[in-house]
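Hi there,

Here is the structure we talked about, ready for you to open. My notes on what turned up in it follow below.

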Amino acid sequence: MLPAYKQILQQSISQKEETKKFLHKLKRAKPNDLDNNCNTLHYKAFENIDCLQCANCCITTGPLLLHKDIERLSQSLSMRQAAFTNQYLRQDEDGDLVFKNMPCPFLDEHSYCNVYEARPNACREYPHTQQRKIINKLDITFHNSTICPAVAKVVEGLKKIYGNT
Ligand code: SF4
Ligand code: SF4
């Protein structure tokens with residue numbers, strides 16, 4: 001990860017407690033306004049952040065895989081679904097299917113996704129700050145603010161808009 005991105009994350013991690021309280025209070029914001037502000041901040045953040053210079057979500061977090069994801073991925077790898085599941089997946093403590101090991105087995109040494117066209121839906125949607133109804137995703141946004149430098153920048157921007165107390 002680029003040192004500049006690490007620095008963004010370190011700063012965000014150091015403000016974790018304050019961010020947790022802030023995002024909790026943000027649940028009272030007007031949902032549409034919050035979506036609009038969040039979306040604007042999301043695209044602004046990604047003007048300066050290149051996922052290929054980061055890959056932290058693929059290194060540390062990984063997606064939950066649904067049946068459709070397994071179907072699509074196993075087909076793209078010309079594998080049977082059972083063989084794909086056996087080789088790559090495990091059940092987590094909540095019973096969800098996740099990759100056995102992180103970094104993700106499909107992340108290459110240049111931070112490219114080797115299954116990009118067939119990647120799980122959760123990978124397509126990450127880090128969620130571009131989606132609508134962000135009001136329902138503030139807990140995951142808090143979590144992601146310590147993983148994704150773009151989310152850290154979005155949260156920083158939200159604090160400027162909505163105040164920090
Ligand atoms: S499938 Fe691709 S996008 Fe998803 S975690 Fe793995 S490398 Fe990243
Ligand atoms: S989505 Fe966030 S954590 Fe993932 S590679 Fe892009 S900037 Fe990094």
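A word on domains before anything else: the bounds I use come from an automatic or database domain assignment. On that basis the protein chain splits into domain 1, made of 21-58 + 127-162, and domain 2, covering 64-125. Please keep in mind that this is a predicted model.

**Overall picture**

The protein chain holds nine helices and two strands. Read from the N terminus, the order of elements is α-α-α-α-α-α-β-β-α-α-α. The radius of gyration is 17 Å, close to the 15 Å given by the globule rule for 165 residues, so the chain is as compact as a globular protein of that length. Along the principal axes, the C-alpha trace spans about 50 × 30 × 25 Å. Buried residues account for 27% of the 165 residues. If you look at contacts between residues at least 6 apart in sequence, 71% of them join residues at least 24 apart.

The centres of domain 1 and domain 2, taken over C-alpha atoms, are 25 Å apart. Where they touch, five residues of domain 1 are in contact with six residues of domain 2. On the domain 1 side of that contact there are three nonpolar residues, two polar ones and no charged ones.

**The nonpolar core**

The largest nonpolar core has 26 residues, and those touching the most other members are Cys 38, Val 151, Val 154 and Leu 158. At least two residues come from each of α1 (3-14), α3 (31-48), α4, β2 and α9. Helix α9 gives the largest share, with six residues. Both domains take part, as domain 1 and domain 2 each provide at least three residues of this core.

Which residues surround ligand 1? They are Cys 58, Gly 62, Pro 63, Cys 104, Phe 106, Leu 107, Cys 113, Val 115, Arg 119, Pro 120 and Cys 123. By class, this shell has nine nonpolar residues, one polar and one charged.

Around ligand 2 you will find Ile 49, Cys 51, Cys 54, Ala 55, Asn 56, Cys 57, Tyr 126, Pro 127, Ile 147, Cys 148, Pro 149 and Ala 150.

Cys 57, one of the residues around ligand 2, deserves a stop of its own. Cys 57 sits in helix α4 and counts as buried because 21 other C-beta atoms lie within 10 Å. Apart from neighbours within four places in sequence, Cys 57 is in contact with Tyr 126, Pro 127, Ile 147 and Cys 148. The C-alpha atoms of Cys 57 and Asn 144 are separated by 8.7 Å, although these residues are 87 residues apart along the chain.

**Backbone details to check**

Where are the cis peptide bonds? One joins Met 102 and Pro 103, with omega about -5 degrees. Pro 103 belongs to the loop between β2 (97-99) and α7 (121-125). Another cis bond runs from Tyr 126 to Pro 127, with omega near 5 degrees; Pro 127 lies in the loop between α7 and α8 (138-144). Tyr 126 and Pro 127 are also among the residues around ligand 2.

Two residues other than glycine have a positive phi as well. For Ser 78 the value is about 50 degrees, and this residue is in the loop between α5 (67-76) and α6 (81-88). His 128 has phi near 75 degrees and is placed in the loop between α7 and α8.

Buried or exposed: what are Ser 78 and His 128? Ser 78 counts as exposed because there are 7 C-beta neighbours inside 10 Å. His 128 is buried, with 20 other C-beta atoms within 10 Å.

Conventions:
Residues numbered from 1 in each chain as written. Chains lettered and ligands numbered in written order. Predicted model: local features only at pLDDT ≥ 70, side-chain atom pairs only at ≥ 80, totals over all residues. Contact = placed C-beta atoms within 7 Å. Nonpolar A, V, L, I, M, F, W, Y, C, P; charged D, E, K, R; others polar. Near = placed C-beta within 6 Å. Helix = DSSP H or I, 4+ residues; strand = E, 2+ residues; numbered from the N terminus. Buried ≥ 20, exposed ≤ 12 C-beta atoms within 10 Å, placed from the backbone. Rg over C-alpha atoms; globule rule 2.2 N^0.38 Å. Core = buried A, V, L, I, M, F, W, Y, C linked by C-beta atoms within 7 Å.
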